[in-house]
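The sequence and the structure are shown first, and the notes follow by topic.

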Amino acid sequence: MTSNNKKNKHRDELIGLQILEGLIFRPRRHRRQSHRPHHHHLLHLLSAVCGCLLLLFAALSFLSPPPITTASHQQVMIGERSISRRRQLWTSNQSNLFHGCSKPSDTFTTAEINTEPNRYLLIAASGGLNQQRTGIVDAVVAAYMLKATLVVPKLDQESFWKDPSNFSEIFDVDWFMTFMSKDVKIIKELPQNATKVLSTRVPRKCNPKCYETRVLPIFNKKHAVELTKFDYRLSNLLEDDLQKLRCRVNYHGLRFNDPIRDMGRKLVERMRIKSKHFIALHLRYEPDMLAFSGCYYGGGEKETKELSAIRKRWKTLHTKDPERERRHGKCPLSPEEVGVMLRALGFGEDIHIYVASGEIYGGEEALAPLKSLFPNIHTKESIAIKEELAQFSPYSSRMAALDFIVCDESDVFVTNNNGNMAKILSGRRRYFGHKPTIRPNTKKLQKLFLNRDNTTWEEFSSNVRKFQTGFMGEPLVNEVNNTRKGEFHENPWSCICENSEARASRSSSSSSNKEDVDISNDEVLSEYETDLSETEYPDDENGILQGRF
């Protein structure tokens, strides 16, 4: 029984008691012996009958259930809708209609036939963990296009993060070489008899023709070529077999080494013990991110000076107008705004949230508003003991790898920017089941936050849900081969297959007036899907394709 129903019943009971008290304990008046008309006796009789009827009504009010008023009925309906909406938050609508598929076509040439002898490609990756991951994935494809043997990529140890880790200290190098052996020959080191290495750099988004004209001629003179600063140096648009090769590397061939995977699984298990479902939030509210964004968060002169000093580390970074950046949706939400968005979407305060983040700018004071909305906030440091993290904590990429695993395995992943980790995980979660992945539609949400004091909560939350359509990781109309949704690492469209039900649904929707979600270039969707497939690649004992982390 609802609270309002209980109040209504209690009110009716009180009214019934008052009526009874009025009837039974009414004080008697002394009759006056004056001359009264004869019909006065009829009034007494009528009063007695009415009293009995009132007594009967009062008794029935105790025995019968309280009626559901229009207001209470509406509240029940709203509550039912809220529960239904909350259930839907943990799944993506129609995700079962699609699956990841990365098996090569029958015309794809294997490494044994494709690879030229004495032709070696070396790669120097660039950036943080996930930026380097994109480079490693694209390096395999570049080696295939150049018909070269790939030397295990060299990781960036000199950038902002100053992480000295090599490839095998983060990734499972033996698995990487073995799994990809049918596609590209990979070796750990350049042979001693190889000639001097020539270093060069290709432009961003270099397509196959670009590699053919810029790199291939070098192999006619040298046996080994190194491509430096190798991040996003391969075109977003490639033929399907090359895109599927990207997917085989990214989702199956490139996984973390055993120590990282084991610790990541422990963190996931501990979150599962705390709650059946949990959210992983990539808050991305570190000083370097805020400085790079050029946004302002109300910290006064202190904030301006601190973030300006950090911005000077990027020599080519231009000064930005904070208000313009915010209007265009380029600013990450504050921790409070993230919390308000999640509550507006329907997540209750009992939800457990794993925060994947480095140093939060503003520390506990900045996190306080989020914690007031969601008290159950966790980090890897709070659910693991110091000794467990000792082998990872000195290395930013290894710590980021632990967060990557928890975010990948979470029921809902929330990304607060559209950076490298967000893109990689969005694509990965789409490939492996369309698991809900929320990216704030910041361009429209910022307008709501600016005016939220002038609107009701019901109207505000309704608008949040409306603006987040298409930003929750759900499949959209024309999901397959839809190239308008951003980077391939974020949306692996060539590796998304649909079943017959999805094809039928797409056919019917194309002939109807069903509205598609309009997502402009700066509001690109960031999420994706599954299957582990029917490939002829190494299986585990259960027959499922391995290599998730």
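This is a predicted model: local features need pLDDT of at least 70, side-chain atom pairs count only at pLDDT 80 or more; totals for chains, interfaces and linings use all residues.

Which residues do ring pairs link into a cluster? The cluster consists of Phe167, Phe171, Phe176, Phe256 and Phe404, linked by ring pairs.

**Overall make-up**

- The protein chain contains 22 helices and twelve strands.
- Of its 549 residues, 50% count as buried.
- Among contacts in the protein chain with a separation of 6 or more, 81% are accounted for by residues 24 or more positions apart.

**Aromatic pairs**

- Trp90 counts as buried because its relative accessibility is 14%, under the 20% cut-off.
- Phe347 is likewise buried, at a relative accessible area of 1%.
- Tyr431 and Phe432 form an aromatic pair that is also edge-to-face, at 5.1 Å centre to centre and with 85° between the planes.
- Tyr431 and Phe432 are both buried.

**Packing of α10 with α18**

- Two packed helices are described by the angle between their axes and the distance between the axes.
- Helix α10 (residues 258–274) packs with helix α18 (residues 396–409) at an angle of about 45°, and their axes are 9 Å apart.
- This angle makes α10 oblique to α18.
- The crossing in which α10 passes α18 is right-handed.
- On the α10 side, the contact is made by Ile260, Arg261, Met263, Gly264, Arg265, Leu267, Val268 and Arg272.
- On the α18 side, Arg398, Ala401, Leu402, Ile405, Val406 and Glu409 take part.
- By class, this contact of α10 with α18 comprises eight nonpolar, one polar and five charged residues.

**Packing of α20 with α21**

- Helix α20 (residues 442–450) and helix α21 (residues 457–467) pack with their axes 10 Å apart, at an angle of about 170°.
- Helices α20 and α21 are therefore roughly antiparallel to each other, since the angle is over 145 degrees.
- Lys444, Leu445, Leu448 and Phe449 of α20 make the contact with Phe460, Asn463, Val464 and Phe467 of α21.
- The contact of α20 with α21 has six nonpolar residues, one polar and one charged.

**Residues with a positive phi**

- Most residues other than glycine have a negative phi.
- Lys147, which is not a glycine, has a positive phi near 55°.
- Lys147 is located in the loop between α5 (129–145) and β3 (149–151), and its relative accessible area of 34% makes this residue partly exposed.
- Lys229 also has a positive phi, about 45°, although this residue is not a glycine.
- Lys229 lies in strand β6 (residues 224–230), and at 40% relative accessibility Lys229 counts as partly exposed.

Notes. Residues are numbered from 1 along each chain as its sequence is written. Side-chain values use heavy atoms; hydrogens and water are left out. Axes are lines fitted to C-alpha atoms, for helices over the stretch in contact, and angles run from 0 to 180 degrees between N-to-C directions. Helices (H or I, at least four residues) and strands (E, at least two) are DSSP runs, numbered from the N terminus. Angles under 35 degrees count as roughly parallel, over 145 as roughly antiparallel, 65 to 115 as roughly perpendicular and the rest as oblique. A crossing is left-handed if the near helix is turned anticlockwise from the far one by less than a right angle, and right-handed if clockwise. Contact means heavy atoms within 4.5 Å. Ala, Val, Leu, Ile, Met, Phe, Trp, Tyr, Cys and Pro count as nonpolar, Asp, Glu, Lys and Arg as charged, and the others, Gly among them, as polar. Buried means under 20% relative accessible area, exposed over 50%, partly exposed in between (1.4 Å probe, protein chains only). Rings of Phe, Tyr and Trp (its six-membered ring) pair if their centres lie within 6.5 Å; planes under 30 degrees apart count as stacked, over 60 as edge-to-face and the rest as tilted.
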